[in-house]
Amino acid sequence: MKITDTSDLWWKTAVVYCLDVETFLDTSGDGVGDLRGLAQRIDYLAQLGVTCLWLMPFYPTPDRDDGYDVSDFYGVDPRLGTHGDLVEVIRTARDRGMRVIVDLVINHTSDRHPWFRAAIRSVDSPYRDYYVWRDDAPPKDQKNAVFPGQADGIWTKDEKSGQWYQHSFYEHQPDLNVANPRVRDEIAKVIGFWLQLGISGFRVDAVPFFLEIPAGADIPDPHELLRDMRRFLQRRSSEAILLGEVNLPYDQQVEYFGGTDGDELTMQFDFVAMQALYLSLARRDPAPLVEALSSRPALGPEVQWANFLRNHDELTLDKLSDAERQEVFEAFAPDERQRVFGRGITRRLPPMLEGDPRRIRMAYSLLFTLPGTPVLFYGEEIGMGENIDIAGRESVRTPMQWSADRNGGFSDAAPSRLVSKPPADGYAPEHVNVAAQLEDRGSLLYFLRELTSRYRVSPELGWGEFAVVEQPVDALLVHSLRADVGRMIAVHNFAERPATTRFRLADEPAGTALVDLLEAQRITLDDDGAVELEVPAYGYRWLRVSRPGDGRIL
C-alpha cells in the first residue's frame with residue numbers, strides 16, 4: 001500500500017498536543033482556565049506546529065480526580081464554558097488545519113452521576129445493572145492495582161442494599177457494566193454526540209479495565225465490544241480515531257489493535273518504549289531503547305504507535321524490572337517526594353535532565369524521529385517544570401506559563417484562587433515562559449517549532465519502517481526509517497562525550513547524499529556507501545537520504 005493511496009490517514013503524521021483546559025488560560029478571572037482562553041491560543045498552537053489537539057476531560061465533574069470522575073458525559077463543566085465555547089474551539093482549530101480529539105472516560109462514572117445515584121436508591125432501579133455488584137463480601141486484603149496506598153481494594157459496600165459495587169479506580173468512581181447492552185448503547189450515544197459537534201476522535205481512558213467483563217456475563221470475546229465501538233465510530237465519521245491507553249506488554253497490545261486487521265484501536269501509546277527510553281537516558285546507553293523498538297510487533301498500515309516523553313499522569317516504570325526501576329529513580333527522582341505508587345515519577349523532563357539544554361533537545365529530537373506519532377504535553381515546548389510542593393500526579397498539572405507576569409500570565413485572579421500553583425523554583429514563570437521564548441531563536445520553543453516543521457515535511461518519520469544502522473559507538477543510536485516516499489537516518493548521542501562514527505548504507509545507489517534537515521549541510525556517501533560523522537555531546541542529526549534524481553526540495 002502506498003502512502004499516496006492512504007493520504008486520509010492523518011494520524012500517521014500528526015503532531016498531537018495534550019492539554020487540560022482548566023490549566024491553560026483563564027479569561028474570566030476566576031483562577032480556572034476556560035474554553036474561551038483556549039480559543040485565544042489556537043494560533044499559538046498552530047504556530048508551534050500542532051495538528052491534533054487532545055483535550056483532557058472538560059465534562060461536569062465533582063473534580064475529585066482531575067475531571068476523570070465524570071457526572072455528565074454530554075455536558076461541559078460550567079467552570080470551563082459552554083457547548084458554544086467548545087464548538088468555537090473546534091471551528092477555530094479546523095480553520096488552522098488542526099483536529100480536536102477528547103478524552104472518552106467510559107470505564108467508570110462519578111458516584112454523583114445520575115445513573116449511579118438512581119442505582120443506589122433501589123435494587124430495582126433500571127440503572128442498577130449499569131454498574132457491577134456482588135452479594136458476598138470481597139476477599140480481605142484485596143489491593144487496588146491502579147492506586148496502591150491511595151485506594152482500598154476495588155469493592156465498596158452500599159450500606160442501604162448490603163451489596164458491594166466494583167471500582168477499579170477510586171471508590172467514588174464506580175465501574176460501568178459493559179456487559180449490559182443498555183450501557184453499550186449509552187456509550188455509542190456519547191460517541192455520536194461529540195462526533196456531531198466536530199470532534200475527530202477520542203483518547204480512550206483505561207482500555208483494559210473497560211474490557212473487563214463481570215463474572216458470569218455471556219460475552220465470550222470482550223474485544224468484540226471494542227470492534228463494535230470502532231465500527232460505530234467509522235460509520236459516523238470516516239476520519240475519526242480511537243487513541244487507546246493500554247499499558248500492557250507488546251504482545252497483548254496487538255490484540256487491542258485488532259491484530260493484523262487493525263479493526264479495534266487506531267493508535268496506542270507505547271509505554272514499553274517510553275520506559276526503555278528513560279532507562280537508556282539514565283544509563284547514557286541506547287541499548288534498552290533499541291531492544292524495545294526492535295521487539296515491537298509489526299502493525300498494519302492503518303494503525304500507529306503514539307510516542308511520548310511525558311503525559312498528565314506519573315511517569316510509570318511498571319514494565320521495568322525492580323533493579324532497572326531503581327536505576328531510573330536514582331537518576332531522575334532521588335527525592336522520595338518525586339515518586340508515586342512505588343512505580344512512577346511525578347516530574348517533568350527538564351528538571352529530570354537537570355536543565356541541560358543539550359540533553360533536553362536531544363530527547364525531543366529523538367521523540368520526533370522514533371517510528372510513530374509524537375505526543376506533547378502542554379508546557380513541554382517551553383521546558384516547564386513540576387511543582388514539587390503538590391503531591392502526586394498533580395505536580396505536573398500546573399498552569400501554563402505564558403509570561404513573567406503574576407500567575408505566569410495564566411490568570412488575573414489572586415494567587416490563592418488559582419486552580420493549581422505554578423512552581424516557585426528555577427522553573428517558575430519568571431524564568432520559564434512563552435513570551436520570553438517566542439522570538440528567541442535559541443529557545444526551546446523555537447527549537448520545538450523547528451522540529452515540528454521538519455517532521456511535517458518528512459512523512460517517512462510517521463510511516464517508515466524502523467531499522468538500526470550498525471556502527472561502532474555504543475553511546476550512539478543510528479536508525480533508519482524507510483517508506484515509499486523516502487528514507488531518513490537519525491543519529492542521537494546519549495553520552496556527555498562527543499563521538500565520531502562511521503556507518504554504511506550499502507543498499508543505496510552511487511551518488512547518494514545525506515541532507516541534514518536541521519543544519520545546512522549535504523554529505524555525499526563514499527564509493528562503498530559509507531559516511532563518517534562527528535556528533536557532539538548529546539548531539540543529534542536528521543539526515544534525509546537523497547538519491548540521484550531525487551526531486552524533493554527539502
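Modeller: Start with Arg91 and Glu88, which are both in helix α3, residues 83–95. They sit three residues apart, about one turn of the helix. Keep in mind that this is a predicted model. The side chains of Arg91 and Glu88 form a salt bridge, with 2.8 Å from N to O. To count as a salt bridge, a side-chain nitrogen of Lys or Arg must be within 4 Å of a carboxyl oxygen of Asp or Glu, so the pair qualifies.

Next, the exposure of the two partners. Arg91 has a relative accessibility of 42%, and Glu88 has a relative accessible area of 35%. Buried means under 20% and exposed means over 50%, with partly exposed in between. Arg91 is therefore partly exposed, and Glu88 is partly exposed too.

The side chains of Arg487 and Asp507 meet at 3.2 Å, N to O. Arg487 is in strand β17 (residues 486–493), while Asp507 is in the loop between β18 (499–504) and β19 (513–516), so this pair ties together parts that are 20 residues apart in sequence. Arg487 is buried, at 5% relative accessible area, whereas Asp507 is partly exposed, at 48%.

Another such pair is Asp526 and Arg502, whose side chains form a salt bridge of 3.1 Å, N to O. This pair links distant parts of the chain, 24 residues apart: Asp526 lies in the loop between β20 (521–524) and β21 (530–535), and Arg502 lies in strand β18. Asp526 is partly exposed at 36% relative accessibility, and Arg502 is partly exposed at 38% relative accessible area.

Salt bridges can also join up. A network of them links Asp66, Asp313, Glu314, Arg343, Arg393, Glu394 and Arg397. The total count of salt bridges comes to 43.

Arg64, Arg112, Arg117, Arg121 and Lys160 form a positive one. Arg121, one of these, lies in helix α4, residues 114–121. With a relative accessible area of 55%, Arg121 is over the 50% limit and therefore counts as exposed.

Helix α4 also takes part in a contact between rings. A search of the whole structure gives 30 aromatic pairs. In one of them, the ring centres of Phe116 and Tyr131 are 5.0 Å apart and the planes are at 80°, so the pair is edge-to-face. Phe116 lies in helix α4 and Tyr131 in the loop between α4 and β4 (133–134), so parts that are 15 residues apart in sequence are tied together. Phe116 and Tyr131 are both buried. Elsewhere, ring pairs link Phe58, Tyr59, Tyr74, Phe193 and Trp194 into a cluster.

Thr346 is found between β13 (344–345) and α12 (349–352). Its relative accessibility is 4%, which is under 20%, so Thr346 counts as buried. Thr346 and Ser200 are 146 residues apart along the chain, and their C-alpha atoms are separated by 30 Å.

Technical notes
Residues numbered from 1 in each chain as written. Predicted model: local features only at pLDDT ≥ 70, side-chain atom pairs only at ≥ 80, totals over all residues. Heavy atoms only, no water. Patch = residues over 30% accessible without salt bridge, like charges linked within 9 Å, V, L, I, M, F, W, Y side chains within 5 Å. Areas by Shrake-Rupley, 256 points an atom, 1.4 Å probe, with all protein chains shown as cover. Lys, Arg positive; Asp, Glu negative; His and termini not counted. Charge placed at Lys NZ, Arg CZ, Asp CG, Glu CD. Helix = DSSP H or I, 4+ residues; strand = E, 2+ residues; numbered from the N terminus. Buried < 20%, exposed > 50% of the residue type's maximum accessible area, 1.4 Å probe, protein only. Phe/Tyr/Trp six-rings, centres within 6.5 Å; stacked < 30°, edge-to-face > 60°.
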